[in-house]
Amino acid sequence: MILGTTVFVAALVLLADEFIGLTWLRMTVQIIGLVLLILVLQFFRNPKRYTQNDDNHVIAPVDGKVVVIEEVFESEYFNDKRLQVSIFMSPINVHVTRYAVNGKINFSKYHPGKYLVAWHPKASTENERTTVVIENRIFGEILYRQIAGALARRIVNYAKVGTHVKQGHDAGFIKFGSRVDLYLPLGTELNVSLNQVVKGGETVLAKK
């Protein structure tokens with residue numbers, strides 16, 4: 001995506017310089033191309049995060065705003081009630097997904113689907129999504145779900161069943177606006193509140 005956009009913008013700038021005689025129009029086209037490149041580079045950034053590795057903490061898997069905190073019935077894997085914490089990412093947020101806990105990947109599955117807006121109530125069950133379950137020695141199994149939004153057209157998921165992962169390390173990527181749902185055991189003590197802005201890899205969502 002970055003390489004393709006760079007090539008496109010470079011070609012646009014050169015072609016505009018060659019074939020557009022009007023100075024104001026040529027500069028407008030070239031500026032639009034450069035702005036597009038900056039926006040793409042901004043979107044695909046992956047800043048260094050300093051995770052305080054601790055099995056007694058669940059950290060935010062992504063940047064964004066907490067939009068859901070509620071007890072729900074999780075029907076894909078657990079088939080029982082869980083505490084759901086959902087984080088919405090706008091297009092300007094960092095879209096790297098990070099592992100919320102240390103542990104072993106017990107489940108990882110991709111689901112094709114729709115592209116409803118990420119905050120739609122049915123997005124978590126009808127949109128394109130991936131479901132991953134990590135078994136942690138303190139919290140037991142926790143599930144997170146990467147959900148594509150209205151603009152997102154590709155979910156990247158690095159989790160492979162049987163592998164051991166480290167808290168804060170890259171777990172995947174969702175392109176152009178999306179959401180991540182986290183399902184925790186009932187009774188988990190949360191460290192965040194509704195509408196709070198969180199930082200992936202650093203903000204503590206829950207603790208034992």
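**Note on a predicted protein model**

1. Gln167 sits in the loop that runs between strand 9 (164-165) and strand 10 (170-174). Strands here are DSSP runs of E with at least two residues, helices are runs of H or I with at least four, and both are numbered from the N terminus. The model is predicted: local features need pLDDT of at least 70 and side-chain atom pairs count only at pLDDT 80 or more, while totals for chains, interfaces and linings use all residues. Residues are numbered from 1 along each chain as its sequence is written, and side-chain values use heavy atoms, with hydrogens and water left out.

2. Is Gln167 buried or exposed? Gln167 counts as buried because its relative accessibility is 2%; buried means under 20% relative accessible area, exposed means over 50%, and partly exposed lies in between, with a 1.4 Å probe and protein chains only. The side chain of Gln167 reaches the backbone nitrogen of Asp54 at 2.9 Å. Leaving out residues up to four places away in sequence, Gln167 touches several others, among them Thr51, His57, Val58, Tyr99 and Asn102. Contact means heavy atoms within 4.5 Å.

3. For the whole protein, the count is three helices and 14 strands. The chain has 208 residues, of which 48% count as buried. Taking contacts between residues at least 6 apart in sequence, 71% of them join residues at least 24 apart.

4. Which residues have the most contacts inside the largest nonpolar core? They are Val58, Tyr99, Ile134, Ile142, Tyr144, Leu182 and Leu184, in a core of 30 residues. Two or more residues each come from strand 3, strand 6, strand 7, strand 10, strand 11 (178-184) and strand 14 (204-207). Strand 3 gives the largest share, four residues. A nonpolar core is a set of buried Ala, Val, Leu, Ile, Met, Phe, Trp, Tyr and Cys residues joined through side-chain atoms within 4.5 Å.

5. Setting aside neighbours within four places in sequence, its contacts include Tyr99, Val101, Ile105, Ile142, Tyr144 and Val165. Another core, of five residues, lies apart from the largest one and has Val72, Phe78, Val133 and Leu143 among its members.

6. Thr130 belongs to strand 6 (residues 129-136) and, at 2% relative accessibility, counts as buried. The side chains of Thr130 and Gln146 are joined by a polar contact of 2.6 Å. The term covers a pair of N or O atoms within 3.5 Å; within protein, one must be able to donate a hydrogen and the other to accept it, and residues adjacent in sequence count only if both atoms are side-chain atoms. Beyond its neighbours within four places in sequence, Thr130 is in contact with residues including Lys109, Tyr110, Tyr144, Ile155 and Asn157.

7. How many salt bridges does the structure hold? There are seven, a salt bridge being a side-chain nitrogen of Lys or Arg within 4 Å of a carboxyl oxygen of Asp or Glu. In one of these pairs, Asp63 and Arg49 have their closest N and O atoms 2.8 Å apart. That pair links distant parts of the chain, 14 residues apart: Asp63 is in the loop between strand 1 (57-59) and strand 2 (64-74), and Arg49 is in the loop between helix 2 and strand 1. Asp63 and Arg49 are both buried.

8. Arg145 and Glu74 also form a salt bridge, at 3.0 Å from N to O. Arg145 is in strand 7 (residues 140-148) and Glu74 in strand 2, so this pair ties together parts that are 71 residues apart in sequence. Arg145 and Glu74 are both buried.

9. Asp181 and Arg179 form a further salt bridge, with the closest N and O atoms 2.8 Å apart. Asp181 is buried, with a relative accessible area of 0%, and Arg179 counts as buried at 4% relative accessibility. Elsewhere, salt bridges that share partners join Glu74, Glu76 and Arg145 into one network.

10. Lys81 lies in strand 3 (residues 80-89). Lys81 and Glu71 are ten residues apart in sequence, and their C-alpha atoms are 6.5 Å apart in space. Not counting residues up to four places away in sequence, Lys81 touches Val72, Phe73 and Leu186.
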